[in-house]
Amino acid sequence: LDQFEAGHPGVRVVIDSYSGFMPPTPTFSDIDSYLEDFAEYATSADVLPVDSALNSYATRAGYLLNLAPIVSGDSDINPADFRQALWDSFRWDGGMWAFPLSGSISTLFYDPAAFDSAGLTYPDENWTIDDLANAIRALTTYDDAGNVETPGFLNVGFSENALATLLVSLMGNGLYDATNIPNTPDFSDPHLADLLTTWADLQADGMLDTPAGDLSDISLPLVLGGTFLSAGFSDDGTTREPALLPGGHVGMDVSGYAISSGSQHPEIAYELFKFLSNDSSAVNTFFGSTPARYALDSTDDSEVSSGGLTFSFAGAGDNPELTAFVQSAIEQAIPLSELRFTEAIAEAFQAMTNDGLDVTTALQ
């Protein structure tokens, strides 16, 4: 920040504290509270860190500045310098609502030994929902009383919306109507109903239950989550291989900066986070481990000594195979913009599994 101020005489950057751990998280069942929380957040500063919780409810409420006109007029910005999925993540309804800094993928990780023992082929992008469901059933073990002892699958992903990410990957499209501006939800695709029904059957049969107690010594054969899972979940010691989600994509969490629509200094606020997006130590303060800008991929350790960990491609560390996978897979990541309105899918799924609604009624 000292360097930025030195290059912009008369400008002083003031860091304000925020009581929350991250920006407000939307709750589909209580959108009014979310908008109230986001309004408070948006009035707290000019430059606002945002993440995967940002959605179209907040932007349509007018809390954030549309960056599209500024970015399109900036000759220093070339979208090709950014990973496409990250660049597109905060773009919807004809606007750009945040500037991406970094991201982390989540995908499937499997134990080859467990798959070999069960006689299963390894997961890949060509898998269908039935392939996934059959593997989950085959990998699940039970105790003498018939209760699930070791689940065949466990979601330990970053996002509570992991189910929606899996469904969008399988469907190959988002759950919205792009012919309308602003876009409107569209849950009419029959594939969505089929996918939810299959998943609800797994839930009803106890295939998706998390076993009680400490999971640290349970060797889980198939997990959905971040790349730390390659080295094992907790302390189970299992070595796992990564695979694209069925459908050929991976999930992603993205961090970036937005500008409050109430800012009296939008131009200098934009210059600030554009400056920060080029600084590896600043980008490293977020939890994402893969930078949005390609230019930061080969950052030297000495350049980020003040920012904490260096970029290691989402936890790949010194694992060259995992590094290569993440570098390739993040190009297949689903942008956050493609997951809009999918929070309703979690509500529909709960209505199916808890209230006994059929899939059509739940989606309606």
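A residue counts as buried when its relative accessible area is under 20%, as exposed when that area is over 50%, and as partly exposed in between (1.4 Å probe, protein chains only). At 2% relative accessibility, Arg83 is therefore buried. The model is predicted: local features need pLDDT of at least 70, side-chain atom pairs count only at pLDDT 80 or more, and totals for chains, interfaces and linings use all residues. Residues are numbered from 1 along each chain as its sequence is written, and side-chain values use heavy atoms, with hydrogens and water left out.

**Overall picture**

- The protein has 14 helices and 13 strands. Both are DSSP runs, numbered from the N terminus: helices are H or I with at least four residues, and strands are E with at least two.
- Of the 364 residues in the protein, 49% are buried.
- The accessible surface is about 16,800 Å². Carbon and sulfur atoms hold 48% of that surface. The areas come from the Shrake-Rupley method with a 1.4 Å probe; for residues, only the protein chains shown count as cover.
- Take the contacts (heavy atoms within 4.5 Å) between residues at least 6 apart in sequence. Of these, 72% join residues at least 24 apart.

**Helix α8, an enclosed helix**

- Helix α8 spans residues 162-171. Nine of its ten residues are buried, so the rest of the structure largely encloses α8.
- The buried residues are Ala162, Leu163, Ala164, Thr165, Leu166, Leu167, Val168, Ser169 and Met171.
- Their cover includes the helices α7 (129-139), α9 (190-204) and α13 (343-355). Strands β7 (154-155), β10 (222-226) and β12 (251-259) also contribute.

**Salt bridges**

- The structure holds eight salt bridges. A salt bridge is a side-chain nitrogen of Lys or Arg within 4 Å of a carboxyl oxygen of Asp or Glu.
- Asp93 pairs with Arg60, and their closest N and O atoms are 2.8 Å apart. Asp93 sits in the loop between β2 and β3 and Arg60 in helix α3 (residues 56-60), so the bridge ties together parts 33 residues apart in sequence. Arg60 is partly exposed, with a relative accessible area of 40%.
- Asp297 and Arg83 also meet in a salt bridge, at 2.8 Å from N to O. This pair links distant parts of the chain, 214 residues apart: Asp297 is in the loop between β13 (290-291) and α12, and Arg83 is in the loop between α4 and α5. Asp297 is partly exposed at 24% relative accessibility.
- Asp205 bridges to Arg137, with the closest N and O atoms 3.0 Å apart. Asp205 lies in the loop between α9 and β10 and Arg137 in helix α7, distant parts of the chain 68 residues apart. Asp205 is partly exposed at 44%, and Arg137 is partly exposed at 34%.
- A network of salt bridges links Asp74, Asp76, Glu271 and Lys274.

**Backbone details**

- Asp93 has a phi near 50°, a positive value in a residue other than glycine. Its loop runs between β2 (91-92) and β3 (95-96). Asp93 is buried, with a relative accessible area of 15%.
- Phe341 is not a glycine either, yet its phi is positive, about 75°. Phe341 lies in the loop between α12 (320-329) and α13. Its relative accessible area is 5%, so Phe341 is buried.
- Ile181 and Pro182 are joined by a cis peptide bond, with omega about 0°. Pro182 lies in the loop between β8 (176-177) and β9 (184-185).
- Pro79 is in the loop between α4 (68-72) and α5 (84-88). At 37% relative accessible area, Pro79 is partly exposed. The C-alpha atoms of Pro79 and Arg293 are separated by 9.3 Å, although the two residues are 214 apart along the chain.

**A charged surface patch**

- Asp30, Asp32, Glu36, Asp37 and Glu40 form a patch of negative charge on the surface.
- Patch residues have over 30% relative accessible area and no salt bridge; like charges are joined within 9 Å, and nonpolar side chains (Val, Leu, Ile, Met, Phe, Trp, Tyr) within 5 Å.
- Asp and Glu count as negative and Lys and Arg as positive, while His and the chain ends are not counted. The place of a charge is NZ of Lys, CZ of Arg, CG of Asp or CD of Glu.
- Asp32 lies in helix α2 (residues 31-42). At 53% relative accessibility, Asp32 is exposed.
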